[in-house]
2 protein chains.
Amino acid sequence: MKRHAIPSQFRSHHPHPCDGNLPSDLNAVLQQRVTELAEATLELSKGETLAHSGMPFKHLYLVVSGGFKSVQIGEDGQSQIVSFHFPRELMGLSGFAQHAYTTDLIALAPSLVCEFPVAAVKSVLGADRTLLDHFLTYISESLARAERDQFMLGSLSATQKIACFLLRLQDNLRHAGADPECFDLLMTREEIGSYLGLTMETISRLFSQLQMAGVARVDKRQVRILRGDLLQVWRDEGVEFATRKRKKIPALKLA
Amino acid sequence: MKRHAIPSQFRSHHPHPCDGNLPSDLNAVLQQRVTELAEATLELSKGETLAHSGMPFKHLYLVVSGGFKSVQIGEDGQSQIVSFHFPRELMGLSGFAQHAYTTDLIALAPSLVCEFPVAAVKSVLGADRTLLDHFLTYISESLARAERDQFMLGSLSATQKIACFLLRLQDNLRHAGADPECFDLLMTREEIGSYLGLTMETISRLFSQLQMAGVARVDKRQVRILRGDLLQVWRDEGVEFATRKRKKIPALKLA
DNA sequence: CGGTCGCTTGATAATCGTCAATTGATGTGG
DNA sequence: CCACATCAATTGACGATTATCAAGCGACCG
(Lines give C-alpha, C1' and ligand atoms only; values in the text may rest on other atoms or scores of the structure.)
Protein backbone atom coordinates (compact mmCIF):
# COMPACT_ATOMS: atom_id res chain seq x y z
CA MET A 1 0.00 0.00 0.00
CA LYS A 2 1.60 3.21 -1.17
CA ARG A 3 0.75 6.46 0.52
CA HIS A 4 0.85 9.79 -1.31
CA ALA A 5 0.42 12.75 1.02
CA ILE A 6 -1.40 15.76 -0.36
CA PRO A 7 0.25 19.00 0.79
CA SER A 8 -2.40 21.18 2.38
CA GLN A 9 -1.63 24.23 0.29
CA PHE A 10 -2.43 22.07 -2.72
CA ARG A 11 -5.77 20.88 -1.48
CA SER A 12 -7.88 23.68 -2.81
CA HIS A 13 -6.20 23.76 -6.21
CA HIS A 14 -6.99 21.92 -9.36
CA PRO A 15 -6.39 19.28 -10.53
CA HIS A 16 -6.99 17.10 -7.51
CA PRO A 17 -6.88 13.30 -7.33
CA CYS A 18 -10.47 13.15 -6.11
CA ASP A 19 -11.90 15.38 -8.81
CA GLY A 20 -14.99 13.98 -10.34
CA ASN A 21 -14.98 11.00 -8.03
CA LEU A 22 -17.44 11.95 -5.34
CA PRO A 23 -20.69 10.16 -4.62
CA SER A 24 -23.56 11.41 -6.72
CA ASP A 25 -24.94 13.81 -4.18
CA LEU A 26 -21.65 15.07 -2.91
CA ASN A 27 -20.51 16.56 -6.19
CA ALA A 28 -21.09 19.97 -7.79
CA VAL A 29 -20.57 22.86 -5.41
CA LEU A 30 -19.49 20.55 -2.64
CA GLN A 31 -16.68 18.95 -4.48
CA GLN A 32 -14.12 21.55 -3.66
CA ARG A 33 -15.04 21.68 0.00
CA VAL A 34 -14.63 17.94 0.28
CA THR A 35 -11.44 17.63 -1.65
CA GLU A 36 -9.89 20.14 0.69
CA LEU A 37 -10.15 17.47 3.35
CA ALA A 38 -8.29 14.74 1.55
CA GLU A 39 -5.18 14.03 3.51
CA ALA A 40 -3.60 11.52 1.18
CA THR A 41 -4.26 9.10 -1.58
CA LEU A 42 -3.52 5.42 -1.13
CA GLU A 43 -2.57 2.96 -3.78
CA LEU A 44 -3.47 -0.64 -3.02
CA SER A 45 -2.67 -3.76 -4.94
CA LYS A 46 -5.10 -6.63 -5.32
CA GLY A 47 -5.79 -8.40 -2.05
CA GLU A 48 -4.41 -5.68 0.21
CA THR A 49 -6.41 -4.72 3.27
CA LEU A 50 -7.26 -1.06 3.68
CA ALA A 51 -8.99 -1.37 7.06
CA HIS A 52 -9.18 -4.16 9.60
CA SER A 53 -12.32 -5.00 11.55
CA GLY A 54 -11.93 -3.86 15.14
CA MET A 55 -9.05 -1.45 14.50
CA PRO A 56 -9.40 2.23 15.47
CA PHE A 57 -11.61 4.20 13.15
CA LYS A 58 -9.46 7.09 11.92
CA HIS A 59 -10.37 7.61 8.27
CA LEU A 60 -13.12 7.44 5.75
CA TYR A 61 -12.13 6.33 2.29
CA LEU A 62 -13.39 7.35 -1.11
CA VAL A 63 -12.86 4.83 -3.89
CA VAL A 64 -11.23 6.53 -6.86
CA SER A 65 -10.50 3.50 -8.99
CA GLY A 66 -10.61 -0.26 -8.61
CA GLY A 67 -13.00 -1.91 -6.17
CA PHE A 68 -13.33 -3.29 -2.66
CA LYS A 69 -15.13 -5.93 -0.65
CA SER A 70 -16.38 -5.24 2.85
CA VAL A 71 -16.03 -8.39 4.93
CA GLN A 72 -17.96 -9.08 8.11
CA ILE A 73 -16.39 -11.52 10.57
CA GLY A 74 -18.68 -13.76 12.65
CA GLU A 75 -18.30 -14.79 16.30
CA ASP A 76 -16.53 -17.96 15.41
CA GLY A 77 -14.41 -16.88 12.49
CA GLN A 78 -16.75 -17.38 9.56
CA SER A 79 -16.87 -14.42 7.25
CA GLN A 80 -19.22 -12.95 4.70
CA ILE A 81 -18.96 -10.15 2.21
CA VAL A 82 -21.64 -7.60 3.10
CA SER A 83 -21.00 -5.11 0.34
CA PHE A 84 -18.86 -4.22 -2.64
CA HIS A 85 -17.58 -0.69 -3.20
CA PHE A 86 -16.79 0.89 -6.52
CA PRO A 87 -15.48 4.28 -7.65
CA ARG A 88 -17.27 7.30 -6.15
CA GLU A 89 -18.37 5.40 -3.07
CA LEU A 90 -17.41 6.12 0.54
CA MET A 91 -16.22 3.31 2.81
CA GLY A 92 -16.03 3.05 6.57
CA LEU A 93 -19.29 4.75 7.55
CA SER A 94 -20.24 2.05 10.02
CA GLY A 95 -17.19 2.87 12.14
CA PHE A 96 -18.51 5.93 13.99
CA ALA A 97 -20.42 3.90 16.55
CA GLN A 98 -17.65 1.89 18.19
CA HIS A 99 -14.80 4.09 17.00
CA ALA A 100 -13.61 0.99 15.18
CA TYR A 101 -14.09 -0.47 11.73
CA THR A 102 -16.81 -3.11 11.70
CA THR A 103 -15.56 -4.89 8.59
CA ASP A 104 -12.35 -5.58 6.72
CA LEU A 105 -11.98 -3.52 3.56
CA ILE A 106 -10.02 -5.43 0.94
CA ALA A 107 -9.05 -4.41 -2.58
CA LEU A 108 -10.49 -6.61 -5.35
CA ALA A 109 -8.03 -5.17 -7.84
CA PRO A 110 -5.27 -2.58 -7.92
CA SER A 111 -7.10 0.42 -6.50
CA LEU A 112 -6.79 4.04 -5.59
CA VAL A 113 -8.56 5.68 -2.65
CA CYS A 114 -8.67 9.11 -1.04
CA GLU A 115 -8.25 9.22 2.70
CA PHE A 116 -10.34 11.59 4.87
CA PRO A 117 -9.54 11.99 8.57
CA VAL A 118 -12.69 11.40 10.59
CA ALA A 119 -12.04 14.38 12.85
CA ALA A 120 -11.76 16.73 9.89
CA VAL A 121 -14.91 15.32 8.33
CA LYS A 122 -16.89 15.81 11.52
CA SER A 123 -15.55 19.29 11.84
CA VAL A 124 -16.53 20.38 8.36
CA LEU A 125 -19.94 18.73 8.69
CA GLY A 126 -20.59 20.89 11.72
CA ALA A 127 -19.58 24.00 9.82
CA ASP A 128 -21.19 23.48 6.44
CA ARG A 129 -24.91 22.95 6.51
CA THR A 130 -25.21 21.92 2.87
CA LEU A 131 -22.43 19.40 3.15
CA LEU A 132 -24.07 17.94 6.25
CA ASP A 133 -27.26 17.54 4.32
CA HIS A 134 -25.51 15.67 1.54
CA PHE A 135 -23.59 13.53 3.95
CA LEU A 136 -26.79 12.49 5.71
CA THR A 137 -28.23 11.68 2.32
CA TYR A 138 -25.28 9.48 1.53
CA ILE A 139 -25.17 7.53 4.79
CA SER A 140 -28.93 7.15 4.65
CA GLU A 141 -28.58 5.74 1.15
CA SER A 142 -26.10 3.20 2.52
CA LEU A 143 -28.63 2.16 5.09
CA ALA A 144 -31.32 1.78 2.46
CA ARG A 145 -28.96 -0.36 0.42
CA ALA A 146 -28.27 -2.61 3.39
CA GLU A 147 -32.02 -3.03 3.85
CA ARG A 148 -32.39 -4.08 0.23
CA ASP A 149 -29.54 -6.53 0.69
CA GLN A 150 -31.34 -8.02 3.66
CA PHE A 151 -34.40 -8.49 1.50
CA MET A 152 -32.31 -10.09 -1.21
CA LEU A 153 -30.67 -12.51 1.20
CA GLY A 154 -33.83 -13.44 3.02
CA SER A 155 -36.55 -13.49 0.40
CA LEU A 156 -35.08 -14.32 -2.99
CA SER A 157 -34.21 -17.61 -4.65
CA ALA A 158 -30.77 -18.25 -6.13
CA THR A 159 -31.86 -17.28 -9.64
CA GLN A 160 -33.46 -14.10 -8.37
CA LYS A 161 -30.32 -13.23 -6.43
CA ILE A 162 -27.96 -13.28 -9.39
CA ALA A 163 -30.40 -11.44 -11.57
CA CYS A 164 -30.65 -8.81 -8.85
CA PHE A 165 -26.88 -8.72 -8.52
CA LEU A 166 -26.27 -8.27 -12.24
CA LEU A 167 -28.97 -5.63 -12.60
CA ARG A 168 -27.38 -3.64 -9.80
CA LEU A 169 -23.99 -3.85 -11.45
CA GLN A 170 -25.62 -2.51 -14.59
CA ASP A 171 -27.11 0.40 -12.67
CA ASN A 172 -23.70 1.16 -11.24
CA LEU A 173 -22.15 1.20 -14.68
CA ARG A 174 -24.85 3.45 -16.05
CA HIS A 175 -24.22 5.95 -13.24
CA ALA A 176 -20.52 5.78 -14.02
CA GLY A 177 -21.22 6.40 -17.68
CA ALA A 178 -19.85 3.00 -18.72
CA ASP A 179 -21.36 0.34 -20.94
CA PRO A 180 -23.94 -1.56 -18.89
CA GLU A 181 -24.20 -4.41 -21.39
CA CYS A 182 -20.61 -5.53 -21.34
CA PHE A 183 -18.31 -5.49 -18.34
CA ASP A 184 -15.71 -7.31 -16.29
CA LEU A 185 -16.43 -8.77 -12.88
CA LEU A 186 -13.77 -7.80 -10.39
CA MET A 187 -14.65 -10.65 -8.06
CA THR A 188 -14.45 -14.44 -8.05
CA ARG A 189 -17.45 -16.77 -8.04
CA GLU A 190 -16.72 -17.46 -4.41
CA GLU A 191 -16.89 -13.76 -3.53
CA ILE A 192 -20.18 -13.34 -5.36
CA GLY A 193 -21.48 -16.38 -3.54
CA SER A 194 -20.39 -15.03 -0.20
CA TYR A 195 -22.24 -11.80 -0.86
CA LEU A 196 -25.42 -13.54 -2.01
CA GLY A 197 -25.46 -16.25 0.63
CA LEU A 198 -24.71 -19.00 -1.89
CA THR A 199 -21.77 -21.23 -2.74
CA MET A 200 -19.23 -20.88 -5.50
CA GLU A 201 -20.66 -23.96 -7.24
CA THR A 202 -24.15 -22.51 -7.28
CA ILE A 203 -22.90 -19.26 -8.80
CA SER A 204 -21.06 -21.19 -11.47
CA ARG A 205 -24.17 -23.20 -12.32
CA LEU A 206 -26.26 -20.04 -12.43
CA PHE A 207 -23.88 -18.42 -14.91
CA SER A 208 -24.06 -21.54 -17.06
CA GLN A 209 -27.82 -21.39 -16.87
CA LEU A 210 -27.89 -17.71 -17.79
CA GLN A 211 -25.85 -18.56 -20.84
CA MET A 212 -27.98 -21.52 -21.84
CA ALA A 213 -31.09 -19.40 -21.49
CA GLY A 214 -29.56 -16.77 -23.77
CA VAL A 215 -29.81 -14.08 -21.11
CA ALA A 216 -26.10 -13.36 -20.97
CA ARG A 217 -22.75 -14.51 -22.22
CA VAL A 218 -20.23 -15.24 -19.48
CA ASP A 219 -16.62 -16.08 -20.18
CA LYS A 220 -14.43 -16.14 -17.10
CA ARG A 221 -14.98 -12.66 -15.64
CA GLN A 222 -16.27 -11.11 -18.86
CA VAL A 223 -20.01 -10.61 -18.87
CA ARG A 224 -22.23 -9.49 -21.71
CA ILE A 225 -25.89 -8.97 -20.95
CA LEU A 226 -27.97 -9.96 -23.95
CA ARG A 227 -31.46 -9.69 -22.55
CA GLY A 228 -31.86 -7.21 -19.74
CA ASP A 229 -35.60 -7.68 -19.97
CA LEU A 230 -35.29 -11.38 -19.20
CA LEU A 231 -32.97 -10.54 -16.36
CA GLN A 232 -35.75 -8.50 -14.78
CA VAL A 233 -38.10 -11.43 -15.15
CA TRP A 234 -35.54 -13.63 -13.42
CA ARG A 235 -35.33 -11.11 -10.60
CA ASP A 236 -39.02 -10.40 -10.16
CA GLU A 237 -40.56 -13.78 -10.80
CA GLY A 238 -37.66 -16.18 -10.60
CA VAL A 239 -37.05 -19.21 -12.77
CA GLU A 240 -36.45 -22.82 -11.98
CA PHE A 241 -32.95 -23.57 -10.75
CA ALA A 242 -31.74 -26.31 -13.11
CA THR A 243 -29.71 -29.09 -11.52
CA ARG A 244 -30.79 -32.45 -12.82
CA LYS A 245 -33.80 -33.08 -15.04
CA ARG A 246 -36.95 -32.17 -13.16
CA LYS A 247 -39.44 -34.78 -12.10
CA LYS A 248 -42.59 -32.87 -11.44
CA ILE A 249 -45.80 -34.77 -10.94
CA PRO A 250 -48.11 -32.46 -8.96
CA ALA A 251 -49.91 -35.38 -7.26
CA LEU A 252 -53.68 -35.53 -7.28
CA LYS A 253 -55.90 -34.88 -4.31
CA LEU A 254 -58.13 -37.32 -2.54
CA ALA A 255 -61.80 -36.67 -1.95
CA MET B 1 -53.41 6.79 15.64
CA LYS B 2 -53.87 9.55 18.17
CA ARG B 3 -51.78 12.66 17.94
CA HIS B 4 -50.86 14.74 20.97
CA ALA B 5 -49.21 18.02 20.07
CA ILE B 6 -46.58 19.32 22.46
CA PRO B 7 -46.92 23.09 22.96
CA SER B 8 -43.56 24.67 22.22
CA GLN B 9 -43.35 26.58 25.49
CA PHE B 10 -43.62 23.23 27.21
CA ARG B 11 -40.83 21.59 25.29
CA SER B 12 -37.99 22.64 27.50
CA HIS B 13 -39.80 21.81 30.73
CA HIS B 14 -39.93 18.65 32.73
CA PRO B 15 -41.53 16.17 32.75
CA HIS B 16 -41.49 15.44 29.03
CA PRO B 17 -42.91 12.40 27.26
CA CYS B 18 -39.51 11.52 25.81
CA ASP B 19 -37.63 11.74 29.07
CA GLY B 20 -35.35 8.83 29.60
CA ASN B 21 -36.23 7.34 26.28
CA LEU B 22 -33.40 8.39 24.05
CA PRO B 23 -30.94 6.04 22.38
CA SER B 24 -28.03 5.22 24.61
CA ASP B 25 -25.69 7.80 23.20
CA LEU B 26 -28.22 10.54 22.82
CA ASN B 27 -29.04 10.83 26.49
CA ALA B 28 -27.43 12.82 29.32
CA VAL B 29 -26.69 16.43 28.40
CA LEU B 30 -28.30 16.00 25.00
CA GLN B 31 -31.62 14.90 26.23
CA GLN B 32 -33.01 18.32 26.79
CA ARG B 33 -31.82 19.63 23.47
CA VAL B 34 -33.46 16.74 21.68
CA THR B 35 -36.72 16.79 23.54
CA GLU B 36 -37.07 20.43 22.60
CA LEU B 37 -37.54 19.22 19.07
CA ALA B 38 -40.38 16.85 19.71
CA GLU B 39 -43.38 18.15 17.88
CA ALA B 40 -45.90 15.65 19.07
CA THR B 41 -46.37 12.21 20.51
CA LEU B 42 -48.32 9.62 18.64
CA GLU B 43 -50.28 6.78 20.08
CA LEU B 44 -50.66 3.77 17.83
CA SER B 45 -52.66 0.64 18.33
CA LYS B 46 -51.44 -2.77 17.28
CA GLY B 47 -51.17 -3.15 13.51
CA GLU B 48 -51.31 0.56 12.74
CA THR B 49 -48.86 1.93 10.19
CA LEU B 50 -46.74 4.88 11.26
CA ALA B 51 -44.98 5.40 7.94
CA HIS B 52 -45.58 4.04 4.46
CA SER B 53 -42.81 3.03 2.09
CA GLY B 54 -42.49 5.63 -0.66
CA MET B 55 -44.36 8.38 1.16
CA PRO B 56 -42.65 11.75 1.79
CA PHE B 57 -40.08 11.65 4.53
CA LYS B 58 -41.16 14.31 7.04
CA HIS B 59 -40.42 12.91 10.48
CA LEU B 60 -38.10 10.74 12.47
CA TYR B 61 -39.71 8.73 15.23
CA LEU B 62 -38.45 7.72 18.62
CA VAL B 63 -40.05 4.65 20.13
CA VAL B 64 -41.19 5.42 23.68
CA SER B 65 -43.12 2.24 24.39
CA GLY B 66 -44.31 -0.77 22.45
CA GLY B 67 -42.48 -1.99 19.37
CA PHE B 68 -42.40 -1.80 15.58
CA LYS B 69 -41.50 -3.81 12.53
CA SER B 70 -39.81 -2.23 9.54
CA VAL B 71 -41.08 -3.87 6.38
CA GLN B 72 -39.27 -3.82 3.06
CA ILE B 73 -41.40 -4.27 -0.07
CA GLY B 74 -39.92 -6.10 -3.07
CA GLU B 75 -40.34 -5.30 -6.77
CA ASP B 76 -43.20 -7.70 -7.14
CA GLY B 77 -45.01 -7.23 -3.86
CA GLN B 78 -43.25 -9.71 -1.60
CA SER B 79 -42.28 -8.26 1.70
CA GLN B 80 -39.75 -8.93 4.44
CA ILE B 81 -39.20 -7.52 7.88
CA VAL B 82 -35.72 -5.97 7.90
CA SER B 83 -35.67 -4.80 11.51
CA PHE B 84 -37.58 -4.53 14.75
CA HIS B 85 -37.57 -1.35 16.83
CA PHE B 86 -38.01 -1.13 20.56
CA PRO B 87 -38.10 1.71 23.09
CA ARG B 88 -35.25 4.22 22.86
CA GLU B 89 -34.66 3.51 19.18
CA LEU B 90 -35.01 5.96 16.28
CA MET B 91 -36.91 4.97 13.16
CA GLY B 92 -36.90 6.38 9.66
CA LEU B 93 -33.18 7.06 9.22
CA SER B 94 -33.07 5.49 5.77
CA GLY B 95 -35.43 8.14 4.45
CA PHE B 96 -32.98 11.00 3.94
CA ALA B 97 -31.73 9.69 0.61
CA GLN B 98 -34.88 9.67 -1.49
CA HIS B 99 -36.85 12.03 0.75
CA ALA B 100 -39.19 9.11 1.19
CA TYR B 101 -39.54 6.28 3.67
CA THR B 102 -37.95 3.10 2.38
CA THR B 103 -39.99 0.73 4.55
CA ASP B 104 -43.37 0.52 6.22
CA LEU B 105 -43.24 1.07 9.98
CA ILE B 106 -45.95 -0.93 11.71
CA ALA B 107 -46.77 -1.19 15.40
CA LEU B 108 -46.45 -4.69 16.87
CA ALA B 109 -48.41 -3.65 19.92
CA PRO B 110 -50.07 -0.53 21.32
CA SER B 111 -47.18 1.93 21.13
CA LEU B 112 -46.12 5.45 21.83
CA VAL B 113 -43.65 7.42 19.72
CA CYS B 114 -42.20 10.92 19.67
CA GLU B 115 -42.27 12.70 16.37
CA PHE B 116 -39.31 14.85 15.22
CA PRO B 117 -39.62 16.99 12.09
CA VAL B 118 -36.73 16.24 9.77
CA ALA B 119 -36.10 19.89 9.02
CA ALA B 120 -35.76 20.73 12.71
CA VAL B 121 -33.45 17.78 13.27
CA LYS B 122 -31.19 18.82 10.43
CA SER B 123 -31.18 22.33 11.70
CA VAL B 124 -30.16 21.44 15.24
CA LEU B 125 -27.53 19.00 13.98
CA GLY B 126 -25.91 21.84 12.09
CA ALA B 127 -25.92 24.01 15.18
CA ASP B 128 -24.88 21.60 17.90
CA ARG B 129 -21.58 19.85 17.33
CA THR B 130 -21.98 17.37 20.15
CA LEU B 131 -25.42 16.37 19.07
CA LEU B 132 -24.17 15.86 15.53
CA ASP B 133 -21.50 13.58 16.83
CA HIS B 134 -24.01 11.47 18.72
CA PHE B 135 -26.35 11.39 15.79
CA LEU B 136 -23.61 10.11 13.50
CA THR B 137 -22.82 7.51 16.11
CA TYR B 138 -26.42 6.38 16.15
CA ILE B 139 -26.95 6.15 12.40
CA SER B 140 -23.60 4.43 12.07
CA GLU B 141 -24.70 1.92 14.66
CA SER B 142 -27.80 1.25 12.56
CA LEU B 143 -25.60 0.56 9.59
CA ALA B 144 -23.44 -1.82 11.61
CA ARG B 145 -26.56 -3.62 12.76
CA ALA B 146 -27.76 -4.02 9.20
CA GLU B 147 -24.38 -5.53 8.30
CA ARG B 148 -24.69 -8.03 11.12
CA ASP B 149 -28.18 -8.88 9.91
CA GLN B 150 -26.80 -9.55 6.46
CA PHE B 151 -24.29 -11.92 7.97
CA MET B 152 -27.02 -13.65 9.93
CA LEU B 153 -29.22 -14.08 6.86
CA GLY B 154 -26.45 -15.23 4.58
CA SER B 155 -24.16 -17.32 6.73
CA LEU B 156 -26.09 -18.93 9.57
CA SER B 157 -28.21 -22.07 9.76
CA ALA B 158 -31.77 -21.99 11.11
CA THR B 159 -30.68 -23.01 14.60
CA GLN B 160 -27.96 -20.39 14.65
CA LYS B 161 -30.41 -17.74 13.50
CA ILE B 162 -32.87 -18.19 16.37
CA ALA B 163 -30.11 -18.41 18.91
CA CYS B 164 -28.73 -15.16 17.53
CA PHE B 165 -32.18 -13.61 17.57
CA LEU B 166 -32.89 -14.56 21.17
CA LEU B 167 -29.47 -13.46 22.37
CA ARG B 168 -30.02 -10.06 20.79
CA LEU B 169 -33.38 -9.73 22.48
CA GLN B 170 -31.63 -10.48 25.75
CA ASP B 171 -29.05 -7.77 25.09
CA ASN B 172 -31.85 -5.34 24.39
CA LEU B 173 -33.55 -6.17 27.65
CA ARG B 174 -30.34 -5.82 29.60
CA HIS B 175 -29.82 -2.33 28.16
CA ALA B 176 -33.37 -1.49 29.11
CA GLY B 177 -32.81 -2.75 32.62
CA ALA B 178 -35.37 -5.52 32.25
CA ASP B 179 -35.09 -9.22 33.03
CA PRO B 180 -33.18 -10.86 30.16
CA GLU B 181 -34.17 -14.39 31.24
CA CYS B 182 -37.90 -14.02 31.03
CA PHE B 183 -39.79 -11.93 28.51
CA ASP B 184 -42.68 -11.67 26.08
CA LEU B 185 -42.25 -11.75 22.33
CA LEU B 186 -44.20 -8.95 20.69
CA MET B 187 -44.19 -10.66 17.33
CA THR B 188 -45.74 -13.75 15.76
CA ARG B 189 -43.79 -16.77 14.54
CA GLU B 190 -44.42 -15.60 11.03
CA GLU B 191 -42.87 -12.20 11.74
CA ILE B 192 -39.79 -13.78 13.30
CA GLY B 193 -39.52 -16.04 10.28
CA SER B 194 -39.80 -13.13 7.90
CA TYR B 195 -36.98 -11.35 9.70
CA LEU B 196 -34.73 -14.42 9.76
CA GLY B 197 -35.44 -15.59 6.24
CA LEU B 198 -37.31 -18.69 7.43
CA THR B 199 -40.92 -19.86 7.51
CA MET B 200 -43.36 -19.80 10.37
CA GLU B 201 -43.27 -23.60 10.56
CA THR B 202 -39.52 -23.65 10.91
CA ILE B 203 -39.65 -21.13 13.73
CA SER B 204 -42.26 -23.19 15.50
CA ARG B 205 -40.16 -26.34 15.20
CA LEU B 206 -37.11 -24.49 16.43
CA PHE B 207 -38.93 -23.30 19.55
CA SER B 208 -40.05 -26.86 20.19
CA GLN B 209 -36.48 -28.01 19.79
CA LEU B 210 -35.18 -25.34 22.15
CA GLN B 211 -37.64 -26.58 24.73
CA MET B 212 -36.79 -30.24 24.23
CA ALA B 213 -33.11 -29.44 24.56
CA GLY B 214 -33.78 -27.63 27.83
CA VAL B 215 -32.37 -24.37 26.51
CA ALA B 216 -35.55 -22.38 26.99
CA ARG B 217 -39.19 -22.65 27.90
CA VAL B 218 -41.57 -21.25 25.32
CA ASP B 219 -45.29 -20.95 25.87
CA LYS B 220 -47.05 -18.95 23.20
CA ARG B 221 -45.21 -15.62 23.33
CA GLN B 222 -43.74 -16.13 26.79
CA VAL B 223 -40.07 -17.04 26.71
CA ARG B 224 -37.85 -18.06 29.60
CA ILE B 225 -34.18 -18.62 28.80
CA LEU B 226 -32.84 -21.44 30.96
CA ARG B 227 -29.37 -21.89 29.51
CA GLY B 228 -27.90 -18.77 27.97
CA ASP B 229 -24.61 -20.60 27.69
CA LEU B 230 -26.14 -23.27 25.46
CA LEU B 231 -27.78 -20.55 23.42
CA GLN B 232 -24.35 -19.17 22.63
CA VAL B 233 -23.22 -22.62 21.55
CA TRP B 234 -26.25 -22.82 19.28
CA ARG B 235 -25.32 -19.47 17.79
CA ASP B 236 -21.61 -20.02 17.39
CA GLU B 237 -21.41 -23.67 16.44
CA GLY B 238 -24.96 -24.54 15.51
CA VAL B 239 -26.79 -27.76 16.27
CA GLU B 240 -28.57 -30.26 14.07
CA PHE B 241 -32.03 -29.15 12.97
CA ALA B 242 -34.30 -32.01 14.08
CA THR B 243 -37.09 -33.00 11.72
CA ARG B 244 -37.39 -36.72 11.50
CA LYS B 245 -34.97 -39.23 12.99
CA ARG B 246 -31.57 -38.74 11.41
CA LYS B 247 -30.06 -41.37 9.19
CA LYS B 248 -26.38 -40.61 9.08
CA ILE B 249 -24.01 -43.17 7.70
CA PRO B 250 -20.88 -41.21 6.70
CA ALA B 251 -19.98 -43.69 3.91
CA LEU B 252 -16.46 -45.07 3.69
CA LYS B 253 -13.93 -44.11 1.07
CA LEU B 254 -12.49 -46.31 -1.60
CA ALA B 255 -8.77 -46.76 -2.07
C1' DC C 1 -71.37 -20.39 18.25
C1' DG C 2 -69.11 -20.13 13.94
C1' DG C 3 -65.01 -18.05 12.15
C1' DT C 4 -60.58 -16.47 11.89
C1' DC C 5 -55.96 -16.43 13.60
C1' DG C 6 -51.79 -18.09 15.59
C1' DC C 7 -49.51 -22.16 16.43
C1' DT C 8 -48.03 -27.08 16.25
C1' DT C 9 -46.80 -31.23 14.01
C1' DG C 10 -46.35 -34.62 10.23
C1' DA C 11 -45.29 -36.11 5.49
C1' DT C 12 -43.07 -35.05 1.33
C1' DA C 13 -40.22 -32.71 -1.89
C1' DA C 14 -37.38 -28.83 -3.91
C1' DT C 15 -33.47 -26.12 -3.48
C1' DC C 16 -29.15 -25.69 -2.80
C1' DG C 17 -24.88 -27.39 -0.24
C1' DT C 18 -21.21 -30.83 -0.05
C1' DC C 19 -17.88 -33.73 -2.01
C1' DA C 20 -15.25 -35.16 -5.79
C1' DA C 21 -13.03 -35.21 -10.22
C1' DT C 22 -11.36 -32.46 -14.03
C1' DT C 23 -9.64 -28.57 -16.70
C1' DG C 24 -7.26 -24.44 -17.87
C1' DA C 25 -4.70 -20.52 -16.39
C1' DT C 26 -1.02 -18.67 -13.78
C1' DG C 27 3.06 -18.67 -11.46
C1' DT C 28 7.50 -20.63 -9.58
C1' DG C 29 11.75 -22.68 -9.14
C1' DG C 30 15.20 -25.99 -10.69
C1' DC D 1 11.85 -24.37 -20.66
C1' DC D 2 9.52 -27.70 -18.45
C1' DA D 3 7.57 -30.05 -14.53
C1' DC D 4 5.08 -28.77 -10.54
C1' DA D 5 1.97 -26.65 -7.63
C1' DT D 6 -1.82 -23.63 -6.96
C1' DC D 7 -6.02 -21.49 -7.84
C1' DA D 8 -10.50 -20.32 -10.26
C1' DA D 9 -13.96 -22.49 -12.45
C1' DT D 10 -17.01 -26.20 -14.25
C1' DT D 11 -19.81 -30.19 -13.80
C1' DG D 12 -21.86 -34.42 -11.79
C1' DA D 13 -23.80 -37.20 -8.09
C1' DC D 14 -25.82 -37.18 -3.80
C1' DG D 15 -28.14 -35.72 0.24
C1' DA D 16 -29.24 -32.46 4.08
C1' DT D 17 -31.71 -28.47 5.21
C1' DT D 18 -35.59 -26.25 5.01
C1' DA D 19 -39.99 -25.08 2.28
C1' DT D 20 -44.48 -26.61 1.12
C1' DC D 21 -48.76 -28.73 1.86
C1' DA D 22 -52.03 -30.48 4.95
C1' DA D 23 -54.53 -31.39 9.14
C1' DG D 24 -55.79 -30.25 13.65
C1' DC D 25 -56.25 -27.49 17.92
C1' DG D 26 -57.01 -23.75 21.22
C1' DA D 27 -58.02 -18.87 21.87
C1' DC D 28 -60.25 -14.96 21.01
C1' DC D 29 -63.95 -12.10 18.92
C1' DG D 30 -67.97 -10.44 16.99
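Which residue forms a salt bridge with Lys69(A)? Select Glu191(A): its salt bridge with Lys69(A) has the closest N and O atoms 2.8 Å apart (a salt bridge is a side-chain nitrogen of Lys or Arg within 4 Å of a carboxyl oxygen of Asp or Glu).

Before going on: this is a predicted model, where local features need pLDDT of at least 70 and side-chain atom pairs count only at pLDDT 80 or more, while totals for chains, interfaces and linings use all residues. Residues are numbered from 1 along each chain as its sequence is written, chains are lettered from A in the order written, and side-chain values use heavy atoms, with hydrogens and water left out.

Next, colour chain A by domain: domain 1 is 2-153 and domain 2 is 156-236, with bounds from an automatic or database domain assignment. Here 18 residues of domain 1 of chain A are in contact with 14 of domain 2 of chain A (contact means heavy atoms within 4.5 Å). Two salt bridges are counted between these domains.

Now show both chains. The contact takes 47 residues from chain A and 47 residues from chain B. Four salt bridges are counted between the chains; zoom in on Asp133(A) and Lys122(B), whose side chains meet in a salt bridge at 2.7 Å, N to O.

Last stop: on chain B, select helix 3 (129-155), one of the elements supplying at least two residues of the side that touches chain A. Helix 3 of chain B gives the largest share of that side, 21 residues (helices are DSSP runs of H or I, at least four residues, numbered from the N terminus).
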